[in-house]
Amino acid sequence: MKLELALPVLGLLLCVADTVAQENPDTVVQENPITVVISKTKVTLTCPFEEGVVWKKEGQELKGAEYIYEIEVYESSKHDGEYACGAKGELTRFLHLKAKVCESCEELDVLTVAGVIIADLLITLGVLILVYYFSKNRKGRVGGSAGVHPRGQKMVRPPPVPNPDYEPIRKGQREVYAGLQSRGF
């Protein structure tokens with residue numbers, strides 16, 4: 001899809017999604033949601049409240065958790081699920097956590113990713129320009145191409161065929177072929 005068509009379609013989809021979200025009264029938008037930070041195998045959950053914070057996972061209270069709850073080695077089977085936090089025993093922030101982590105992952109900032117994409121596009125554009133330039137120069141050459149005669153010169157007859165079996169019949173040699181008769185069927 002061309003970029004000229006993709007951007008308006010994306011804008012239209014965002015407008016429709018925003019309208020649907022505003023019309024749905026069941027949609028709850030939290031002012032200060034739980035923030036999640038994933039770094040290699042470590043997952044950090046931060047509750048927006050700083051004092052008297054209670055953390056619960058699947059309804060069971062997590063011991064020793066302050067407003068920051070850290071999972072040093074995240075395992076999907078153990079740690080996926082519904083988390084909730086709140087101040088003074090009243091749970092007001094909810095989060096369903098399902099994350100994928102790895103030890104050998106490297107984090108890239110936005111500038112690095114943008115630089116790689118721009119460099120790739122520039123290299124591709126350079127190759128396209130080189131291919132266009134070299135293919136354009138070959139198009140105009142006449143050289144020694146078969147069947148092509150330069151303009152302004154008279155047509156030159158091709159040389160005689162070297163095989164005598166294909167030579168034309170000359171006036172004095174008709175007797176060789178005179179013995180052949182056509183048979184009528």
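Student: How many salt bridges does the structure hold?
Tutor: Three salt bridges. Keep in mind that this is a predicted model.

Student: Okay, who does Lys40 pair up with, and how far apart are the atoms?
Tutor: Lys40 forms its salt bridge with Glu106, and the closest N and O atoms are 3.9 Å apart. A salt bridge needs the nitrogen within 4 Å of the carboxyl oxygen, so this pair counts.

Student: Where do Lys40 and Glu106 lie?
Tutor: Lys40 lies in the loop between β1 and β2, while Glu106 lies in the loop between β7 and α3. That is why the pair ties together parts that are 66 residues apart in sequence.

Student: And Glu106, is it buried or exposed?
Tutor: Glu106 is exposed, with a relative accessible area of 64%.

Student: How accessible are Lys42 and Glu70?
Tutor: Lys42 counts as partly exposed at 28% relative accessibility. Glu70 counts as partly exposed too, at 40%.

Student: Which side chains meet in the salt bridge with Glu75?
Tutor: That would be Lys78, at 3.9 Å from N to O. Glu75 counts as partly exposed at 33% relative accessibility, whereas Lys78 counts as exposed at 52%.

Student: Why can side chains like that pair at all?
Tutor: Side chains of opposite charge can pair when their charged atoms come close.

Student: You mentioned β2 and β5. What kind of sheet are they in?
Tutor: They belong to an open sheet of three strands, in the order β1-β2-β5, and the pairing is antiparallel. β1 (35-39) and β5 stand at the edges with a single partner strand each, so one side of each is left without a neighbour in the sheet.

Student: How much are neighbouring strands turned against each other there?
Tutor: By 15° on average, with direction ignored.

Student: And how many bridges join β2 to β5?
Tutor: Four bridges join strand β2 (residues 42-46) to β5. To find your way along that pairing in the viewer, look for Val43, which stands opposite Ile71 in β5.

Student: What about the sheet with β6 and β7, what is its strand order?
Tutor: That open sheet has four strands in the order β4-β3-β6-β7, with antiparallel pairing. Its edge strands are β4 (60-61) and β7 (90-97), and each of them pairs on one side only.

Student: How are β6 and β7 joined?
Tutor: Seven bridges join strand β6 (residues 81-87) to β7, and the two run antiparallel. On that pairing, Ala84 stands opposite Phe94 in β7.

Student: New topic: how many aromatic pairs are there in the whole structure?
Tutor: A search of the whole structure finds three. One of them is Trp55 with Tyr69: their ring centres are 6.0 Å apart and their planes are at 35°, so the pair is tilted.

Student: Which parts does that pair tie together?
Tutor: Trp55 lies in strand β3 (residues 53-57) and Tyr69 in strand β5 (residues 68-71), so the pair ties together parts that are 14 residues apart in sequence. Both Trp55 and Tyr69 are buried.

Student: What about Tyr69 and Tyr83, how are their rings placed?
Tutor: Their ring centres are 6.2 Å apart and their planes are at 40°, so that pair is tilted. Tyr69 lies in strand β5 and Tyr83 in strand β6, so this pair ties together parts that are 14 residues apart in sequence. Both Tyr69 and Tyr83 are buried.

Student: Which residues form the aromatic cluster, then?
Tutor: Trp55, Tyr69 and Tyr83 form one aromatic cluster.

Student: Last one: which residues form the nonpolar patch on the surface?
Tutor: Ile118, Leu122, Leu125, Leu128 and Ile129, with about 520 Å² of accessible area together. Take Leu125 as an example: Leu125 sits in helix α3 (residues 110-139) and counts as partly exposed, at 46% relative accessibility.

Note on methods. Residues are numbered from 1 along each chain as its sequence is written. This is a predicted model: local features need pLDDT of at least 70, side-chain atom pairs count only at pLDDT 80 or more; totals for chains, interfaces and linings use all residues. Side-chain values use heavy atoms; hydrogens and water are left out. Two strands pair if DSSP finds at least two bridges between them. Patches are made of residues with over 30% relative accessible area and no salt bridge: like charges are joined within 9 Å, nonpolar side chains (Val, Leu, Ile, Met, Phe, Trp, Tyr) within 5 Å. Accessible areas come from the Shrake-Rupley method with a 1.4 Å probe; for residues, only the protein chains shown count as cover. Buried means under 20% relative accessible area, exposed over 50%, partly exposed in between (1.4 Å probe, protein chains only). Rings of Phe, Tyr and Trp (its six-membered ring) pair if their centres lie within 6.5 Å; planes under 30 degrees apart count as stacked, over 60 as edge-to-face and the rest as tilted. Axes are lines fitted to C-alpha atoms, for helices over the stretch in contact, and angles run from 0 to 180 degrees between N-to-C directions.
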